[in-house]
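Thanks for coming. I have one chain to go through today, so please look at the sequence and the model on the screen.

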Amino acid sequence: MTSSDPGIVCFQHCGPKVFCIQLPEKCPSCSCDLLAASFKLMPFRLPFPFVRASQYPGAVVLRPTTGDFLNEYYNSKDLHIGVTTSTGAIVEFDRCGLRRHTDKGSKSTWGQSLLVEQIPEAWIDHWDTVLLQTCKKPMWSSEEYKEDTNNCYTFVLTFLEALGYGELSKTAQNRTLFCEKYIVPRTTAAGKYISLYRKIRDQGLYVHSTPGNGINTNGHHGMEKPPTNTFGKLCSIRE
């Protein structure tokens, strides 16, 4: 699994915004030749919301428990949360107990992750020290793992609370509050990107129709209602 950016491009020619991977030769709304056309909004590339976890030291990272975000994740599936060290090693807790490993190779399960939070470099030594202390607790063995009460989320919140890093550590005292403040905003933004990507993948491109732009929403080229949020209400973090 890789963090490869599909390269979604947005442009606006005659009215609606168009999203695609490759620019079409003609405008999907008015059929004008785009090579000679002037744009209301010049083509630009949308920011890719996912990262390779190992490239973000001192961070809290999130991924689907199985599969990847772009092609396989839906709101009914669980999420898995972990942290990275100062060197980018992944530290995570699941049914196998506490594990620390590097995130390398095309088969890495952390190659397409969401960056929840990253501390400044000045805090990185303290981060490693507190993380090591947290890892030494006996509650992170495979025998102590409980799907709902002592899981990956428990490990990360226990560590963050002990870190003493301002609002992040304060919020970590409450599972629901931390999810609402740090997890949901990231997954909501990512969900919009995923929905858009899947529209383009399945239809070739997506035309974003809005009231008043005169677009027939029953036409071709993906002229439909805006994509819905893939994630919806979320805080299903397990394993």
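Some ground rules. This is a predicted model, so local features need pLDDT of at least 70 and side-chain atom pairs count only at pLDDT 80 or more, while totals for chains, interfaces and linings use all residues. Residues are numbered from 1 along each chain as its sequence is written, and side-chain values use heavy atoms, with hydrogens and water left out.

Overall, the chain has five helices and 10 strands. Helices (H or I, at least four residues) and strands (E, at least two) are DSSP runs, numbered from the N terminus. Of the 239 residues in the chain, 44% are buried. Buried means under 20% relative accessible area, exposed over 50%, and partly exposed in between, with a 1.4 Å probe and protein chains only. A contact is heavy atoms within 4.5 Å. Among contacts between residues at least 6 apart in sequence, 66% join residues at least 24 apart.

Now the sheet. Five strands form an open, antiparallel sheet in the order β7-β6-β5-β4-β8; two strands pair if DSSP finds at least two bridges between them. The edges are β7 (97-101) and β8 (114-118), each with a single partner strand, so one side of each is left without a neighbour in the sheet. On average, neighbouring strands here are turned by 25° against each other, direction ignored. Axes are lines fitted to C-alpha atoms, for helices over the stretch in contact, and angles run from 0 to 180 degrees between N-to-C directions.

Take β4, residues 59-64. Four bridges join β4 to β8, and five join β4 to β5. Val61 shows both pairings: Val61 stands opposite Leu115 in β8 and opposite Gly82 in β5.

β5 itself is mostly covered, with six of its six residues buried. Leu79, Ile81 and Val83 point one way, and His80, Gly82 and Thr84 the other way. On its β6 side, β5 is joined by two bridges. The two strands form a hairpin with five residues between them, and Gly88 in the turn has a positive phi of about 90°.

Helix α5 (residues 175-203) touches β4, β5 and β8, and its direction makes about 145° with that of β8.

α5 has 29 residues and reaches 39 Å from its first C-alpha to its last, close to the 42 Å expected at 1.5 Å a residue. That expected span is 1.5 Å times one less than the number of residues. α5 bends by about 40° at Ile183, with Pro185 following within four residues. The bend is the angle between axes fitted to the seven residues ending at a residue and the seven starting there. At the start of α5, a side-chain oxygen of Asn174 reaches to within 3.0 Å of the backbone nitrogen of Thr176. Such a polar contact is a pair of N or O atoms within 3.5 Å; within protein, one must be able to donate a hydrogen and the other to accept it, and residues adjacent in sequence count only if both atoms are side-chain atoms. Just after α5, Gly204 takes a positive phi of about 95°.

On to helix α3, residues 152-163. Nine of its 12 residues are buried, including Phe155, Phe159 and Leu163. Asn151 caps the N-terminal end of α3, with a side-chain oxygen 3.1 Å from the backbone nitrogen of Tyr153. After α3 comes Gly164, whose phi is positive, near 70°.

Last, two loop residues. Ser113 sits in the loop between β7 and β8 and is buried, at a relative accessible area of 0%. A polar atom of its side chain lies 2.9 Å from the backbone oxygen of Trp110. Beyond four places in sequence, Ser113 touches residues including Phe50, Val61 and Phe69.

His13 is in the loop between β1 (9-12) and β2 (17-20), and is buried at 12%. Its C-alpha is separated by 7.1 Å from that of Cys27, 14 residues apart along the chain. Outside four places in sequence, the contacts of His13 include Cys27, Cys30 and Cys32.
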